[in-house]
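The sequence and structure are shown first.

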Amino acid sequence: MIQRFIELGEGYADIYELLELARANRHRLAHMMALHTNIDGKPATSLVVILKPTDTGKFQALYICREGIPNPHYKENKRFDLFKDCAEELGKSIIELDVKPSSMFPEKELFYQHLVGILRLNHYIPPLQ
């Protein structure tokens with residue numbers, strides 16, 4: 001199985017595409033997540049939509065708006081409210097985790113590998129088979 005993060009952007013206008021992906025793929029929607037971190041002392045959040053693997057090809061997409069949303073526990077914001085409203089509309093709870101910032105990794109791909117490991121260990125995505 002291939003599990004890949006697909007980065008849409010940092011979440012300013014990209015949040016609307018992320019929400020539309022969740023709605024359009026409601027039959028495949030597995031989880032909606034908020035990954036909280038600190039970047040240079042500023043609390044930030046990545047929003048993630050995890051789809052179930054495809055039947056053919058066993059590809060699992062994890063769409064992300066990386067670290068561009070203010071952490072809603074420190075500063076309320078409309079973008080997170082839109083994500084929360086979409087989750088409620090689709091019957092999902094937002095799973096929240098604290099993670100290291102992507103800036104701690106020399107390459108963005110290593111950051112995504114780190115997140116895949118966390119998600120597998122917590123049984124949010126299946127292990128490789």
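## Sheet order

In what order do the 5 strands of the open sheet lie? The order is E1-E4-E3-E2-E5, and the pairing is mixed. Strands here are DSSP E runs of at least two residues and helices are H or I runs of at least four, numbered from the N terminus; two strands pair if DSSP finds at least two bridges between them.

E1 and E5 (94-98) each have a single partner strand and stand at the edges, so one side of each lacks a neighbour in the sheet. From one strand to the next the twist averages 25 degrees. E1 and E4 (residues 59-70) pair in the parallel sense over 7 bridges, and Tyr-63 in E4 is the bridge partner of Ile-6.

## Basis of the model

The model is predicted: local features need pLDDT of at least 70 and side-chain atom pairs 80 or more, while totals for chains, interfaces and linings use all residues. Residues are numbered from 1 along each chain as its sequence is written, and side-chain values use heavy atoms, leaving out hydrogens and water.

## Aromatic pairs

The structure holds 4 aromatic pairs (ring centres of Phe, Tyr or the six-membered ring of Trp within 6.5 Å; planes under 30 degrees apart are stacked, over 60 edge-to-face, the rest tilted). The rings of Phe-5 and Tyr-112 are stacked, because their centres lie 4.9 Å apart and their planes at 20 degrees. This pair joins E1 (residues 2-9) to H3 (residues 108-121), 107 residues apart in the chain.

Both Phe-5 and Tyr-112 are buried (under 20% relative accessible area, with a 1.4 Å probe and protein chains only). Ring pairs link Phe-5, Phe-105, Phe-111 and Tyr-112 into a cluster.

Methods:
Buried < 20%, exposed > 50% of the residue type's maximum accessible area, 1.4 Å probe, protein only. Axes fitted to C-alpha atoms, helices over the stretch in contact; angles between N-to-C directions.
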